[in-house]
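Let's take a walk through this one together, starting with the whole chain and then zooming in on helices, strands and rings.

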Amino acid sequence: MVYLQMNNAKPAEFISPERLKTRKIIMRFIFITIGALIMACGLELVLIPNSLIDGGVTGIAMMVSHLTGMSLGLFLFLFNLPFLYLGYKQIGRSFAIYVAYGIAILSIATTFIPHGYAITNDTLLATVVGGIMLGLGVGIAIRAGGCLDGSETLAILFNKKLPFSVGQIILFMNLFILGSAGFIFGFDRAMYSLIAYFIAFKTIDLVSEGFNQTKSIWIISDKSEIIGDKIMFRLGRGVTYLNGRGGYSKDQKDVIFCVINRLEEAKLKTIVEEIDPGAFLAFSNMTEMQGGNFKKKDIH
């Protein structure tokens, strides 16, 4: 038996679910736009003029753009297209829409930002500033429920088949990509790019709480069974119902316990708010899991 104290505070001014959903969707698009623009500026104004690259699909697009002389935005869009389908199948339609929008904004921004201009020609300073700008842009987009690079979606897919974490898979892929850059830009630039990547990695960690971090969710609601069914149906995640009792009200309530990855956090919040805007949610970061079954079922 789990005893949880319930709050009897009066609810805030009522906002219709439709209005709340519309407002949140708009804010997500705004933040994804901001994140994509910051990343585009980091690429075009800091890294590219100093012959530095990013990791992931973006790094591959930067190398191909350098070799062909064609627009970086074109390759960013084309190379990320396959990952949109993977994102749709693995995480859901709304996530794929946010990813498609973020990548489109990133591609357009890198096309229209003036080429050849650098805010600094100091390689070390460009490494630090570029890494921070990339990490900040990607982190903001992820917090809004989107993503600006397809490599993370691919890593989530490989994570189901390989005995490595998502973060370890991403690290391995980027070490390979950045190592390959040494044959194109020179190995000194490849090493600076590696430093920029680690700075970006840590910045993302600060903004969006880590690459492969999972979260445990506690949900208290009078509509717990409906919420639990929707989580299983739309996210493909299993839920556990615990018997809770309010310390003040003594009311019996089912408490939902669920474990998700960070890319699913925004969608879970949306599911709960659509059903019960007054539900209590508690999020906790998890650094390790053992036993059980964390694999996703089919989603809708």
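What follows is a short tour of the fold and some of its contacts.

First, keep in mind that this is a predicted model. The protein chain has 10 helices and five strands, and 48% of its 300 residues count as buried. Take the contacts between residues at least 6 apart in sequence: 75% of them join residues at least 24 apart. As for the surface, the chain exposes about 15400 Å², with carbon and sulfur atoms supplying 63% of that.

Now pick out helix α4, residues 93-112. With 20 residues at 1.5 Å each, it should span 28 Å, and its end C-alpha atoms sit 29 Å apart, which agrees. Its buried residues include F95, Y98, I103 and L106. I103 also turns up in the surroundings of N80: leaving out residues up to four places away in sequence, N80 touches V57, I103, D149 and G150. N80 itself belongs to helix α3, residues 72-90, and its relative accessible area is 1%, under the 20% cut-off, so it counts as buried.

Next, the rings. A search of the whole structure turns up seven aromatic pairs. One of them is F29 with Y98, edge-to-face, at 5.3 Å centre to centre and 65° between the planes. Because F29 is in helix α1 (residues 17-47) and Y98 is in helix α4, this pair ties together parts that are 69 residues apart in sequence. F29 is partly exposed at 25% relative accessibility, whereas Y98 is buried at 7%. Another edge-to-face pair is F183 with F187, at 5.1 Å between centres and 75° between planes. Here F183 is exposed, with a relative accessible area of 69%, and F187 is partly exposed at 48%.

Finally, look at strand β4, residues 252-261. Seven of its 10 residues are buried, so the strand is largely enclosed by the rest of the structure. Which way do its partners run? Strand β2 (residues 214-220) is antiparallel to β4, joined by seven bridges, with T214 opposite N261. Strand β3 (residues 239-245) also pairs with β4 in the antiparallel sense over seven bridges, and there Y241 stands opposite I256. β3 and β4 make a hairpin with six residues between them, and K250 in the turn has a positive phi of about 65°.

Definitions and conventions: Residues numbered from 1 in each chain as written. Predicted model: local features only at pLDDT ≥ 70, side-chain atom pairs only at ≥ 80, totals over all residues. Heavy atoms only, no water. Helix = DSSP H or I, 4+ residues; strand = E, 2+ residues; numbered from the N terminus. Buried < 20%, exposed > 50% of the residue type's maximum accessible area, 1.4 Å probe, protein only. Contact = heavy atoms within 4.5 Å. Areas by Shrake-Rupley, 256 points an atom, 1.4 Å probe, with all protein chains shown as cover. Expected span 1.5 Å × (residues − 1). Pairing = 2+ DSSP bridges. Phe/Tyr/Trp six-rings, centres within 6.5 Å; stacked < 30°, edge-to-face > 60°.
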